[in-house]
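Work through the exercises below with the structure open beside you, and try each task before you read its solution.

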Amino acid sequence: MPVLGAGANLCDRAPDEPWSPGVNLPSGAELSELLADEFDCEVSDRSDLVRVSQYAEVTSGEGPLYAQLREIFVAQYPIPSLHRFIANLPAWIGEHGRRPCSQLIMTTNYDDLMERALREARVEFDLVRYVGKGPYRGLFVHEQPDGTEHVITVPNEYDALDPNRRTVVLKVHGTADRDDPDDDSYVITEDHYIEYLTRTNPSELIPVRLLEKLVHSHLWFLGYGMRDWNLRVVLHRIWALRELGWTSWAVQRDVDRFEERLWITRDVELHQCRLAEYVAGLSTALNEVIA
């Protein structure tokens, strides 16, 4: 089950290539620097996105922060090779005589690159996104392929989702809605994370069939660092529901010994390389297996 972090969007960027609006999405540190400049943030670490976002919200309000984030995330960026690979994987499997499959794709990103990749590949999918504001704050919303939306108020009874029948994109930190700015939702400030982590017990908020899939799947961490403690808390709660172990994999470069140990203690096999190289190598390996 793919778990996409912020680094997934940097898949095809050269190491020395800078962020450019409409050309490629910023890393977490680049986004933090941009917000720090925009809101004249007086913080000791301008690369600390959570702290910088909190400063921006406190000094200027949530509205200006949302407006700035929307300007960044709804621009039309090229779809990375990683997202195309994931979107086309079920069809590729079916074409080579294997049983066609659907996917549950979990992401902490606010952009819609994964959704665009699925639409480009003609994959029908459900979108489940976290709501961080308004009357449904703290709940998830299910958007069906035809655009119909349902607020998931009783997750353990909600049976309108089945990742074994149709692909599901689960956006656990909200999203920028390209069509409706009123539906934008971000978990990004210190206060957002405090509220999110006190509310977000997966067994109580995530629809039951998605939770079952999360608990009984190998996880495939792509562009996600174990130092990202916010998602680590959610994953810890999911892993706590497991009665049996499921080996998982992570693709990450420039990992220090401490972070490597964090992966190992969670039964995650680490592959230290650039995502673009990994995708190319995996594609070659799969074709050799089929051949």
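**Exercise 1. The largest pocket**

How many residues line the largest pocket, and which of them lie nearest its centre?

*Solution.* Begin by keeping in mind that this is a predicted model. The lining of the largest pocket is made up of 44 residues, and those nearest its centre are Ala6, Gly7, Gly28, Gly223 and Asp228. Next, look at which elements take part: α1 (28-38), α2 (49-60) and α9 (229-239) are the ones that give two or more residues to this lining, and α1 gives the most, with four residues. The space in the largest pocket comes to about 1,200 Å³.

**Exercise 2. The cavities**

Which residues line the largest cavity, and which helix gives the most to its lining?

*Solution.* Start from the count: there are two cavities of 30 Å³ or more in the structure. The largest cavity holds about 40 Å³ of space, and its lining consists of Tyr130, Gly132, Arg137, Tyr186, Val187, His192, Glu195 and Tyr196. Helix α6 (residues 190-199) gives the most to this lining, with three residues. By class, four of the lining residues of the largest cavity are nonpolar, two are polar and two are charged.

Then turn to the second largest cavity, whose volume is about 30 Å³. Leu4, Asn9, His83, Thr107, Asn109, Asp111 and Met114 line this cavity, and by class they divide into two nonpolar, four polar and one charged.

**Exercise 3. Aromatic pairs**

Classify the ring pairs Tyr130 with Phe140 and Trp220 with Tyr278, and state whether each ring residue is buried or exposed.

*Solution.* A pair of aromatic rings is described by two quantities, the distance of the centres and the angle of the planes. The structure holds 10 aromatic pairs. For Tyr130 and Phe140, the centres lie 5.5 Å apart and the planes are at 70 degrees; because planes over 60 degrees apart count as edge-to-face, this pair is edge-to-face. The pair links distant parts of the chain, with Tyr130 in strand β3 (residues 125-130) and Phe140 in strand β4 (residues 140-143), 10 residues apart. To judge burial, use the cut-off of under 20% relative accessible area: Tyr130, at 3%, is buried, and Phe140, at 1%, is buried too.

For Trp220 and Tyr278, the distance is 6.4 Å centre to centre and the angle between the planes is 55 degrees, which makes the pair tilted. Trp220 belongs to strand β9 (residues 220-222) and Tyr278 to helix α11, 58 residues apart. Trp220 is buried with a relative accessible area of 12%, and Tyr278 counts as buried at 16%.

**Exercise 4. Salt bridges**

*Solution.* In one of them, the side chains of Arg70 and Asp184 meet at 3.0 Å, N to O. Arg70 lies in helix α3 (residues 62-73) and Asp184 in the loop between β7 (174-175) and β8 (185-186), so this pair ties together parts that are 114 residues apart in sequence. Both Arg70 and Asp184 are buried.

In the salt bridge of Arg84 with Glu120, the closest N and O atoms are 2.6 Å apart. Because Arg84 lies in helix α4 and Glu120 in helix α5 (residues 113-120), the pair ties together parts that are 36 residues apart in sequence. Here Arg84 is partly exposed, with a relative accessible area of 34%, and Glu120 counts as partly exposed at 44%.

How values were computed
Residues numbered from 1 in each chain as written. Predicted model: local features only at pLDDT ≥ 70, side-chain atom pairs only at ≥ 80, totals over all residues. Heavy atoms only, no water. 1 Å grid on protein atoms, 1.4 Å probe; cavity = no way out; pocket = protein on both sides within 12 Å on 5 of 7 lines; lining within 4 Å. Points joined across faces, edges and corners; volume = space filled by probe spheres on them. Nonpolar A, V, L, I, M, F, W, Y, C, P; charged D, E, K, R; others polar. Phe/Tyr/Trp six-rings, centres within 6.5 Å; stacked < 30°, edge-to-face > 60°. Buried < 20%, exposed > 50% of the residue type's maximum accessible area, 1.4 Å probe, protein only. Salt bridge = Lys/Arg side-chain N within 4 Å of Asp/Glu carboxyl O.
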